Amino acid sequence: MEIFGIPLQAFLGQLLLGLVNGSFYAMLSLGLAVIFGLLGIVNFAHGALYMIGAYVAYVALDRFGINYWFALVIAPVLVGALGVVIERTLLQRLYKIDPIYGLLLTFGLALIAEGIFRYWFDVSGQSYPVPEALQGATNLGFMVLPNYRAWVVVASLTVCLGTWFLIERTRLGAYLRAGTENPALVQAFGINVPVMVMLTYGAGCGLAALAGVLAAPVIQVTPLMGSNLIIVVFAVVVIGGMGSILGSILTGVALGLVEGLTKVFYPEASNIVVFVIMAIVLVVRPAGLFGKEK
Amino acid sequence: MFKLSHISAACALALAGIAVPAQAQISGDVIRIGFITDMSGLYADIDGPAGAEMIRQAVADMGGTVAGKKVEVLVADHQNKADVAAAKAREWFDQQGLDMLIGGTNSGTALAMAKVAAEKKKPFLAVGPGSSALTNDQCSPYTVHYAYDTVAMAKTTGPAVVKSGGKSWYFMTADYAFGTALQTDATNVVKASGGTVVGAVRHPLATSDFSSFMLQAQASKAQILGLANAGGDTINSIKAANEFGLTKTMKLAGLLMFINDVHSLGLKATQGMYLTDSWYWNQSPESRTWAKRFFEKFKRMPSSLQAADYSVTQFYLNAVKAAGSDDGDKTMEQMRKLKVNDMYTKGGYVRADGSMIHDMYLMQVKTPESSTTPWDYYNVVATAKGEEAFLTKAESKCSLWK
């Protein structure tokens, strides 16, 4: 059996790889969506935080012998703490002015971080080994899937759905959403809104770092890994609808699949297909697929 | 006021007229060398800031002056954009009185800069770019292609791999000038040595995930995966090939790999691979001495391009010295006469089409066990003589070489 001239088996394999990449997009765009939705900040430093997460894992292993599983915890915590520092010292001064300033600030921070890491580690980057428990591959019949990639899909979808549940279905999430809608009123009910906002930004940064650790064994850890990805992830967020959490998850996965198929049928266009879709969506639905018009 | 400036200009002209015959004819009383390369992107390690430093060092090692005039080096980052490169080159030639331009990595930018240099009648010495178009269908009387080109890479690596049993090939090609040139050149060589090409996939520059392409390569059932890409793309290709078990059924042939790529991937992932390079730090006592200085500065070994950056600068300055002028046509004439004999190569010469003809080396990456010292990565398996490695007259489409 063939689909569009390629064997069904190869087609399924490509879909699965698209899903793997899509789950990366979902996790990164989720962090962006949370930060934008709750803080109104367009966090251009997200790609850099993702890169720093990967480097925390690399340095932890290379210098201190700390393995992958601990890195999965350490990197998000450290980068989350870095996020808290950024929020306290810089971002919180910008909430009352035009969002463009937040964008410029975070973009500048990203360039600085990239420059520093380029100075420390060179652009060719470093290799991070696949953890022992996840080495090898499983034959699925239609393709041989490296175990690590399967783990990435499971881990990132779990994190995505967990975050969605936390924000949309729990009391804490309700506070968060109420706090962004009307901070003065929520504050009046005795909830410390500034601390909540700070922790949200930290958590968003932590998500980026977690994605970085998950990516480290698959792609070369380089100072440029974030900037290669961040533009695509922004397109995902715009297509899904700025601030829509479920939208960013679903769009991330869907665009991973579309991109995967483009790599088969017209590989030359695989790095622009996401932007073509973005342009179409912006024309048809300016608020994005899942966004609400204001 | 108007009159006064006219008078002073006339005086200056008159003075210049008197001064010139007495000394070397150096425009603006300074020899200005420009270097435009990828300073921050995926090719920055193989050339980039360290390459710029080697150009400065080459100038310093000649005393900082040639023919009694100061030598100045300008450096810019083209960010892998051809329009940025061309605009910068034009600005330097027009406003800074640039005398010679060294082209760094990325063929797209080099082809654009070569056109500007030809228009301004100034030498363009291409070190980093690989596309053979620079000396083939787009050759120019002002372009010298110094370190390597896609033809030389393909002609040295291709037959060796076919001979070792790799008859059927599949290409992983970077989708721009350099990648497509490399694939075309390698295809010709593979076919000429009795091999076949079963397919190819073109990926965008700076792709991070190669898994989809690996699956396509695997489905082709070819014996050899020819990597017609460079830098970060080659690194991520090799990583994905290892992860998807491609290396068990296929062998990888890196058509353009630098020592930095091997270093960052490690010998475990790269062992046994064939690759071609124009220079290896451990090839001779002279190269070792030179590389040691580099190592002390950068804590890593130089790539062939960084060695060539040093070499090309002194080659040009020697031409200026011989011509007694930094005029574009006069220095080009001298460069066609002079031989390159230094730590980079022996007996190299510039041919009519602009190729600097010199020996190329086929290397095989060592196994982790056989590598005894840091950066001890290659065995030099064969040396390809310059005349055999580069384009032949029959193959050339360059109108200057007929």
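A crossing is left-handed if the near helix is turned anticlockwise from the far one by less than a right angle, and right-handed if clockwise.

**A helix pair in chain A**

In this predicted model, helix 3 of chain A passes helix 8 of chain A in a right-handed crossing. Helices here are DSSP runs of H or I, at least four residues, and strands are E runs of at least two, numbered from the N terminus.

The axes of helix 3 (residues 68-89) and helix 8 (residues 193-215) of chain A come within 7 Å and cross at roughly 140°; axes are lines fitted to C-alpha atoms over the stretch in contact, with angles from 0 to 180 degrees between N-to-C directions.

**Chain A overall**

Let's step back: chain A has 11 helices and 4 strands. Its C-alpha atoms fill a box of roughly 65 × 50 × 35 Å along the principal axes.

**Where chain A meets chain B**

Here 30 residues of chain A are in contact with 32 residues of chain B, contact meaning C-beta atoms, placed from the backbone, within 7 Å. Helix 1 of chain A gives the largest share of the chain A side, 5 residues.

**Reading notes**

Residues are numbered from 1 along each chain as its sequence is written, while chains are lettered from A and ligands numbered from 1 in the order in which they are written. Local features need pLDDT of at least 70 and side-chain atom pairs count only at pLDDT 80 or more, whereas totals for chains, interfaces and linings use all residues.

Conventions. Contact = placed C-beta atoms within 7 Å.
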